[in-house]
Amino acid sequence: QLLQSSVTSEGAWQPCSICQRDVTAIMILKSDAHRAMATVHCKQCGSICCKECAPAADSLPDFTKELWATRTTKDRRMVLPELGTLEPQRLCVRCYCLPS
């Protein structure tokens, strides 16, 4: 399987392949290091996703509450033995919803 590159040939960061938002839209700091940490790949299809579109029990800022409040996304990881691992892997919402 081929993972998409997080950066385009022009040096711009790729948006989420599902919602088309900046993968760091939910983060306050947007340095290259923070962008690299926020960028995740679906282990099934290889698409670049934000942590909202490939949830794996991540702790994210909750801007609807007080400062520094966080919320936890759903854990939608699945075991993918066809990839040679028995550990739960991060999947995008498209792959998670596809019938197996």
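Q: Where is the place of Arg-76 in this predicted model?

A: Arg-76 sits in the loop between E4 and strand E5 (78-79).

Q: Why is Arg-76 called partly exposed?

A: Its relative accessibility is 23%. Buried would need a value under 20% and exposed one over 50%, so a residue in between is partly exposed. Arg-76 therefore counts as partly exposed.

Q: What does Arg-76 touch, not counting residues up to four places away in sequence?

A: Arg-76 touches Pro-55, Ala-56, Leu-91, Val-93 and Tyr-96. As for Ala-54, its C-alpha atom and that of Arg-76 are separated by 7.5 Å, with the two residues 22 apart along the chain.

Q: How many salt bridges does the structure hold?

A: There are two. Let's take them in turn.

Q: What makes Arg-71 and Glu-52 a salt bridge?

A: The closest N and O atoms of Arg-71 and Glu-52 are 2.3 Å apart.

Q: Are Arg-71 and Glu-52 buried, exposed or partly exposed?

A: Arg-71 has a relative accessible area of 29%, so it is partly exposed. Glu-52, at 27%, is partly exposed too.

Q: Why is the pairing of Arg-77 and Asp-75 called a salt bridge?

A: Their side chains meet at 2.8 Å, N to O. The limit is 4 Å, so this pair is a salt bridge. Arg-77 is partly exposed at 37% relative accessibility, and Asp-75 is partly exposed at 42%.

Q: What makes the phi of Gln-20 worth a look?

A: Gln-20 has a phi near 65°, a positive value in a residue other than glycine. Most residues other than glycine have a negative phi.

Q: Where does Gln-20 lie, and why is it called exposed?

A: Gln-20 lies in the segment before helix H1 (32-38). Its relative accessible area is 52%, and exposed means over 50%, so the word applies.

Q: Where in the protein chain is confidence lowest, and where is it highest?

A: Confidence is lowest in H1, with a mean of 68, and highest in strand E6 (residues 88-89), at 89. For the protein chain, the mean pLDDT is 78, and 76% of its residues reach 70 or more. Where pLDDT is low, the predicted coordinates should not be read in detail.

Definitions and conventions
Residues numbered from 1 in each chain as written. Predicted model: local features only at pLDDT ≥ 70, side-chain atom pairs only at ≥ 80, totals over all residues. Heavy atoms only, no water. Buried < 20%, exposed > 50% of the residue type's maximum accessible area, 1.4 Å probe, protein only. Helix = DSSP H or I, 4+ residues; strand = E, 2+ residues; numbered from the N terminus. Contact = heavy atoms within 4.5 Å. pLDDT = per-residue confidence, 0-100.
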